[in-house]
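Here is a short briefing on one protein model. It starts at a single residue and then turns to the whole fold.

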Amino acid sequence: MDEKKKTHLGFIHQFIPSNNSKGNSSTLLLLHGTGGNENDLIPIARMLSPANGSILSPLGKVLENGMPRFFRRLSEGVFDIKDLKFRTHELVDFIENASKLYSFDLEHIIAVGYSNGANIASSLLLLHPEILSTAILFRPMVPFIPDTLPNLISKNIFICAGKWDPIVSRQNTENLFDIFKKAHANVSIYWQKSGHELGQEEILAAKEWLSHHIS
Ligand code: MLT
């Protein structure tokens, strides 16, 4: 990708167009974890979606001791909610502008987020549900308690949690599940036998789940 395009739109990012001639219209929005970058989740996206839709993968703009993130936090698991909401709106603008530049369909965006990236994906669902059709959230936690629940009736959400995650408690995962459930999303949780790190089985489980939820 030419460098101008890569830094254009306010976020350094990767965009990989669909190579599926049958015209898979979905776009995977990849959102990396703290200290990651826009290339991290591309191999996982390839495993999740053999149909090869397009990929849009921004680099988080907030730096914490040099580590990129998608929004500020005050300490581990304690978020700067004002910044989180601001960054969520900013990410929506980026996605909308990217869809014009690269001509992808805004109706079929599937978020794939890990940790901090999963948290901003949850925030997108709560504040701008129109922007995502589907979300695969690896190690998410409740980003904030919404004042009013959005209507997530047609949204498919797959949460992958770590059984022994030292960062996200079981209770926090279940609270997030309950928020999505109360908002009428089609949500499920997969419990991976691991900590905060990703395991092979959950990627295969997410792939299988996605194959039933992708059009
Ligand atoms: C992280 O390390 O990224 C946290 O667990 C999640 C967050 O801060 O958003």
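**A206 and its surroundings**

A206 touches L48, I136, F138 and F158, leaving aside residues up to four places away in sequence; contact means heavy atoms within 4.5 Å. This is a predicted model: local features need pLDDT of at least 70, side-chain atom pairs count only at pLDDT 80 or more, and totals for chains, interfaces and linings use all residues. Residues are numbered from 1 along each chain as its sequence is written, and side-chain values use heavy atoms, with hydrogens and water left out.

**Position of A206**
- A206 sits in helix α6, residues 200-213.
- Its relative accessibility is 0%, so A206 counts as buried (under 20% relative accessible area, with a 1.4 Å probe and protein chains only).
- Y190 lies 16 residues from A206 in sequence, and the C-alpha to C-alpha distance is 8.4 Å.

**Fold and dimensions**
- The protein has six helices and 11 strands (DSSP runs: H or I of at least four residues for helices, E of at least two for strands, numbered from the N terminus).
- The radius of gyration is 16 Å, close to the 17 Å from the globule rule for 215 residues, so the protein is as compact as a globular protein of that length (taken over C-alpha atoms; the rule is 2.2 Å times the number of residues to the power 0.38).
- The C-alpha trace spans about 45 × 40 × 35 Å along its principal axes.

**Packing**
- Buried residues make up 55% of the 215 residues.
- Of the contacts with a separation of 6 or more, 70% join residues 24 or more positions apart.

Notes
Buried < 20%, exposed > 50% of the residue type's maximum accessible area, 1.4 Å probe, protein only.
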